[in-house]
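Please consult the sequence and the model while reading.

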Amino acid sequence: MSGYEAPLADILFMLEEIAGLGEIAALPGYEEASPETIADILTAAGTFAGEVLGPINRNGDKGCVFKDGKVTTPEGYRDAYQRFVADGWNAVAFDPEYGGQGMPWAVTTALQEIWNGGSVAFAACPMLTQAAVEAIYHHGSEAQRAKYLPKLISGEWTGTMNLTEAQAGTDLGAIRTRAEEDGKGGYRLTGQKIFITHGEHDFVENIIHLVLARHPGGPEGHKGLSLFVCPKFLVNDDGSLGARNDVACVSIEHKLGLHGSPTCVMAYGENGGAYAELVGEPLQGLPHMFTMMNNARLTVGVQGLGIAERATQLASGYAHQRVQSAVVGAPADARLPILHHPDVRRNLATMQALTQGARALAIFTAGALDRAKRHPDAAERARQQALVDLLIPITKAWSTDQGIRVSSLGIQVHGGAGYIEQTGAAQHYRDARIFAIYEGTNGIQAIDLIGRKVQRDEGKAMQALIAAMTDSLAKFGVAGEDLPALRERLQPALQRLGSGTDYVLLAGKGDPRRALAVAQPYLNLCGTVIAGWLLAQAALAASRRLADGQGDPAYLRRKIALARFYADNILGDSSAYLTQVTAGGDSLLAIDPEAL
């Protein structure tokens, strides 16, 4: 099996039971998001991903071609994008005032999983366009929204995010790209940006670059940065395209994976300065850019989920047809496929459990985002936004780590066949590796979680989440062995999460290095426990549906069994993570960094 089939039943189940689709559809502006409508949307998306995106994914691994300043994407990618736009998929999440369809972010997140499962390299382009739309929508002027949003939302134009420079990766305060006023109300940019996803390509006629650059007369460091919009082609007052702007792709990177997505070096102002417009307030570039980055970080987490699902499908398909060695306990003449061997079965179950955990985490986060945006009560909007802020770095980092882990296990299931390129398993692993690096490395996500999210509000958002998870355990005391067993596993895991949170709060009041030293294991603790709790919630919902005679009994029993497997085989990792949080930091700091 080398294709992709969207897991529609599980996605819809998670939307209904984890995101709370019924509640979301009752929010102002989401009235059309009925279960029937969403089911139809997901079905059509699954067809598109299976018939259009899935078949081009392997071809994308051949890479893009750069010649004479132009990038040619792999065969089939441009045609797939034209159909993606024609079918209206790019517009699903956005404001109808600018041509969007106004669907909830929970639904958009589900669609993003499907696009990434079909072809993660293809989906990287709409992901950055979505982030550009968010930045202009929230921080741009009315004139900028009118000029750029309709065609970005339709997908006729695409967007990029330009932050990184050779000397300025994580340290954006070191950015050297500069803006100078042109005397006509605009600016001229000069400088070079690297690692720009889809900075140049052949999908569309215009690309809208969001660029972080030094503001004229601004201070050094990150406080001197502003956000600018810089189109590839200038846009006339009537919306038509004018002259080519002074921005060009000068090369593309040769990478480990994600070859179908061009990663560009962009030069601004080599012939006098690239025209740009200020977005938002001067010297507020970093806060404005974080609107894009937070949007992209949730979506990158979904990239990890999408690649995990596709790797799992490939490994499962192989394990169902590959026959090798006698199976212990089976008749001597039985020729059973390798999935009957306990080690292979464990690998496949781990892949499925981690994938479903990442799906639950992403959809839960997106559901909170919808409530933060649309709930009629201001206090509830604030509470949900605090939850979103807390979950974004966890979703990005934990889910992308699982994408790497799952795709690695996929190679293992294939054995030697997974290590060669013909099966496609290696491509998933290579493609997944970047997700833990870009849009802020997972180590940066962990620092953000501890510093900006947990310590800054003295742990209130995390403690509220822990309290809600703990209170829910009372619902698991029902007949049957699985649900009480889930409660027994969750209780100590939640206590560990509470203890780890108490430790990082205390550490933050002393030597800040102690908190930074344990940031990564603390994030792993959070992701492992929250995903386990969400899978238990899914099992509880499946149990209710079974009791009410709703749904496919075999599917619902699998949901319960997989939650039990996670609780018995993965949730226990939280004990090791807690040890790393409470004891590992001191031993780390005792090591001389110069000796490493």
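## Two loop residues

Asp68 is placed in the loop that runs between β1 (65–67) and β2 (70–72); helices (H or I, at least four residues) and strands (E, at least two) are DSSP runs, numbered from the N terminus. The phi angle of Asp68 is near 55 degrees, a positive value in a residue other than glycine. At 72% relative accessibility, Asp68 counts as exposed. In this report, buried means under 20% relative accessible area, exposed means over 50%, and partly exposed lies in between (1.4 Å probe, protein chains only).

Glu458 likewise has a positive phi, of about 55 degrees, although it is not a glycine. Glu458 is found in the loop between α13 (442–455) and α14 (460–472). With a relative accessible area of 56%, Glu458 is exposed.

## Basis of the model

This is a predicted model, in which local features need pLDDT of at least 70 and side-chain atom pairs count only at pLDDT 80 or more, while totals for chains, interfaces and linings use all residues. Residues are numbered from 1 along each chain as its sequence is written, and side-chain values use heavy atoms, with hydrogens and water left out.

## Overall form

The protein chain contains 19 helices and 12 strands. Its radius of gyration is 24 Å, close to the 25 Å that the globule rule gives for 596 residues, so the chain is as compact as a globular protein of that length. The radius is taken over C-alpha atoms, and the globule rule is 2.2 Å times the number of residues to the power 0.38. Along the principal axes, the C-alpha atoms fill a box of roughly 80 × 60 × 55 Å.

Buried residues make up 57% of the 596 residues. Among contacts (heavy atoms within 4.5 Å) with a separation of 6 or more, 75% are between residues 24 or more positions apart.

## A covered helix

Helix α12 (residues 425–432) is mostly covered, as 7 of its 8 residues are buried. Among these buried residues are Gln427, His428, Arg430 and Asp431. Their cover includes α3 (35–60), α6 (120–139), α8 (285–321), α10 (378–414) and α11 (416–419).

## Salt bridges

Side chains of opposite charge can pair when their charged atoms come close. A salt bridge is a side-chain nitrogen of Lys or Arg within 4 Å of a carboxyl oxygen of Asp or Glu, and by this rule the count comes to 24 salt bridges. One of them joins Asp10 to Lys559, with the closest N and O atoms 2.7 Å apart. Asp10 lies in helix α1 (residues 8–19) and Lys559 in helix α18 (residues 553–569), so this pair ties together parts that are 549 residues apart in sequence. Asp10 is buried, at 6% relative accessible area, and Lys559 is buried at 5%.

Glu113 pairs with Arg359, their closest N and O atoms being 2.7 Å apart. Glu113 belongs to helix α5 (residues 105–118) and Arg359 to helix α9 (residues 342–374), so that distant parts of the chain, 246 residues apart, are linked. Both Glu113 and Arg359 are buried. Lys232 forms a salt bridge with Glu200, with 2.9 Å between the closest N and O atoms. Lys232 is in the loop between β7 (225–231) and β8 (233–235), and Glu200 is in the loop between β5 (187–197) and β6 (207–214). Salt bridges that share partners join Asp10, Glu113, Glu309, Arg359 and Lys559 into one network.
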